[in-house]
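Okay, thanks everyone, I'll keep this short. Let's have the model up on the screen and walk through it together.

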Amino acid sequence: MDSIYVPSFAATQLALLDQELQSEIQETSTLITNHSPTGLQRAGLAITNLTISSQRTGLGGKTVLELSPDSATSSTGELPEHGIRTGDIVLVAEQPAGSAKKREIKELEKRGARGVVTKVQRAAVNVALDEGKDDVMFSGRVWMVKLADEVTYRRMNQTMEKLQKMGESEYSSFIRVLFGLSSPSPVPQNLSTSDEVGNIEWIDPTLNDSQKDAIRFALASREVALIHGPPGTGKTHTLIELILQMIKRDQRILVCGPSNISVDNIVERLSPHKIPILRLGHPARLLPSVLSHSLDVLTQTSEAGAIVKDVRAEMDAKQASIKKTKSGKERKAIYTDLKELRKEYRERERKCVSNLVGGSKVVLATLHGAGGFQLRNEQFDVVIIDEASQALEAQCWVPLLSAKKAVCAGDHLQLPPTIKSLNSKVKAKTKDGDDGTPVIRGMTLETTLFDRLLALHGPSIKHELYESELIAADAVKARLLKDLEYDVEDNEDTTEPLIFIDTQGGDFPERNEDDDKENPKRGSLHGESKSNDMEAALVRLHVKQLVEAGVRPEDIAVVTPYNAQLAALATLKEKFPGIELGSVDGFQGREKEAVIVSLVRSNPDGEVGFLGEKRRLNVVRIIRMLTVYSCHDTAKAIINSHWRF
């Protein structure tokens with residue numbers, strides 16, 4: 001592969017990112033504009049008829065609203081069925097009347113506030129409002145609706161603009177290698193006898209030879225190292241040992257991934273080693289098991305966080321007094337006081353954050369999260385990116401632009417990043433940059449940094465799904481659910497490593513949302529998403545049986561390719577706290593003891609849709625897995641094509 005002209009690369013990425021953002025904004029805007037709040041609620045994208053039951057100061061000095069059902073419209077006091085989840089970005093606004101015109105709805109949205117959902121309960125939803133929206137007042141009934149996340153694009157754009165403006169004399173040797181302008185520094189052929197990395201005292205005695213070789217190679221590489229491995233071969237396991245070995249060499253490490261789950265997976269594994277680690281990110285989007293390492297929690301519980309506690313207490317008292325006063329003048333005065341307190345809080349918090357970040361040998365964040373103010377001017381010896389094959393290249397450059405060395409782990413035969421603009425009805429042509437810089441024709445966002453570096457510097461890798469050469473490691477090949485470290489019953493669900501439940505025969509029909517005759521608008525809201533109610537009931541039954549057998553809910557995940565099916569399974573999170581629900585795309589890089597996969601498809605024509613994409617199905621090839629699959633000949637078609645026994 002030839003070298004790349006960096007300004008053209010950056011200009012092309014900016015054009016492609018703009019197309020992708022416009023696709024997302026158009027999708028969200030069309031939904032909100034063309035459908036009533038009630039219609040959006042039916043689709044699981046909104047919750048209507050809410051009132052503000054309380055208001056307090058949350059993590060990071062943010063105002064947190066607790067929104068509950070309006071007693072005038074709810075007889076049970078519980079929220080209706082919905083698809084709003086913790087970590088979603090939402091708009092909270094006064095609810096328009098049913099007869100409100102579109103322009104009136106848009107005006108209400110302008111006066112609304114964006115925020116992140118921090119907690120979802122049966123009777124309430126908590127939302128942490130964005131900065132600058134702390135003093136928004138709602139006089140009546142409100143609603144919330146999911147929005148597109150523009151922050152990620154803003155950070156990617158800023159990074160690409162910086163890269164585009166760099167002169168060639170400013171390129172570090174690291175940047176030159178990543179664009180093929182220079183060759184990587186040579187690495188000794190026989191690393192096991194190398195003076196530098198040959199004699200390593202391994203922390204994990206279970207590492208196999210290929211994992212040890214990968215670690216030696218990553219330690220010896222000066223600019224970049226790629227760790228390629230199929231699913232279940234221990235890429236993340238290898239990264240943990242690599243991080244620990246780097247710490248022994250007194251190196252400072254920034255660990256990133258494309259999703260919160262990919263980062264939290266590493267935090268969970270590093271945590272037992274008792275090293276100073278810090279997880280950046282909104283606490284609402286983190287797994288409960290890693291919260292004790294999160295920046296927001298440490299700013300409250302650590303010694304460094306003591307300097308902000310008194311200001312926060314005063315802010316809470318002010319927040320509580322808002323509801324007690326009926327005078328508009330007094331409320332305005334309270335909001336003025338709160339504004340000053342927030343300013344002081346954030347100044348103190350920045351000092352606290354600086355102390356915590358500076359004292360951490362390992363900092364972990366999502367790729368775009370690494371572009372936050374917390375890491376400004378921070379220096380790291382190495383940037384490690386897990387699940388690099390699922391990340392947009394522009395995302396990777398957020399932490400890499402000022403890096404000295406990178407280690408990327410991934411698998412080019414698993415899912416690439418999801419690109420909405422590829423399916424957008426409005427196709428924009430990629431134009432040359434504003435300064436006349438030519439764009440690179442044929443480049444797409446689906447080509448990842450991992451793909452590009454494999455082609456540029458990596459070895460030749462077979463493109464069949466591993467040529468059927470995968471074998472289970474000795475440590476796990478005989479492991480079953482009944483053999484977990486705690487008591488689990490010995491029954492038919494816990495004594496098999498892989499179970500297929502054939503639901504063919506017509507009793508488990510898939511349902512396209514267009515088939516919903518009672519709610520005809522719902523189809524256009526969900527698009528092509530599909531669900532299978534009978535299969536969802538079967539999944540719920542199997543989760544119940546596993547938990548009754550002794551498997552802990554936090555060791556179980558339910559995965560499905562369709563968002564509509566996720567909504568049908570949402571009640572599992574309430575009934576079995578700790579269980580994980582996710583899409584196949586979102587679950588990539590995550591591991592669980594028991595994984596139930598609901599494939600949904602069941603139709604007389606044997607259509608499988610995007611399940612025919614072998615990389616998507618490859619994600620669910622996990623060592624310990626229960627699989628629920630459906631349809632007449634669909635499952636057999638998938639299995640015959642991509643599963644070999």
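So, let's start with strand 6, residues 142-146, which is mostly covered, with four of its five residues buried. Keep in mind that this is a predicted model. Who are the partners of strand 6? One is strand 1, residues 46-57, which runs antiparallel to strand 6 and is joined to it by three bridges. Ala 46, for example, has Val 145 in strand 6 as its bridge partner. Another is strand 3, residues 89-94, also antiparallel, with five bridges to strand 6. There, Glu 94 sits opposite Val 142.

Six strands make an open sheet, in the order 7-12-11-8-10-9, and the pairing is parallel. Strand 7 (224-228) and strand 9 (277-279) are the edges; each has a single partner strand, so one side of each has no neighbour in the sheet. On average, neighbouring strands here are turned by 15° against each other, ignoring direction.

For strand 7, the partner is strand 12, residues 406-410, running parallel over five bridges. Val 224 stands opposite Ala 406 in that pair. Helix 12, residues 393-400, packs on it and touches strands 8, 11 and 12, with its direction at about 155° to that of strand 11. Helix 13, residues 449-457, lies across strands 7 and 12, at about 105° to strand 7.

Last stop, the second largest pocket, with a volume of about 1200 Å³. It's lined by 38 residues, and the closest to its centre are Lys 62, Val 151, Arg 155, His 282 and Gln 374. The lining splits into ten nonpolar, 13 polar and 15 charged residues.

Conventions: Residues are numbered from 1 along each chain as its sequence is written. This is a predicted model: local features need pLDDT of at least 70, side-chain atom pairs count only at pLDDT 80 or more; totals for chains, interfaces and linings use all residues. Side-chain values use heavy atoms; hydrogens and water are left out. Buried means under 20% relative accessible area, exposed over 50%, partly exposed in between (1.4 Å probe, protein chains only). Helices (H or I, at least four residues) and strands (E, at least two) are DSSP runs, numbered from the N terminus. Two strands pair if DSSP finds at least two bridges between them. On a 1 Å grid over the protein atoms alone, a cavity is a set of points where a 1.4 Å probe fits but cannot get out, and a pocket is an open set with protein on both sides within 12 Å along at least five of seven lines; lining residues have an atom within 4 Å of a point. Grid points are joined across faces, edges and corners, and a volume is the space filled by probe spheres set on the points. Ala, Val, Leu, Ile, Met, Phe, Trp, Tyr, Cys and Pro count as nonpolar, Asp, Glu, Lys and Arg as charged, and the others, Gly among them, as polar. Axes are lines fitted to C-alpha atoms, for helices over the stretch in contact, and angles run from 0 to 180 degrees between N-to-C directions. Contact means heavy atoms within 4.5 Å.
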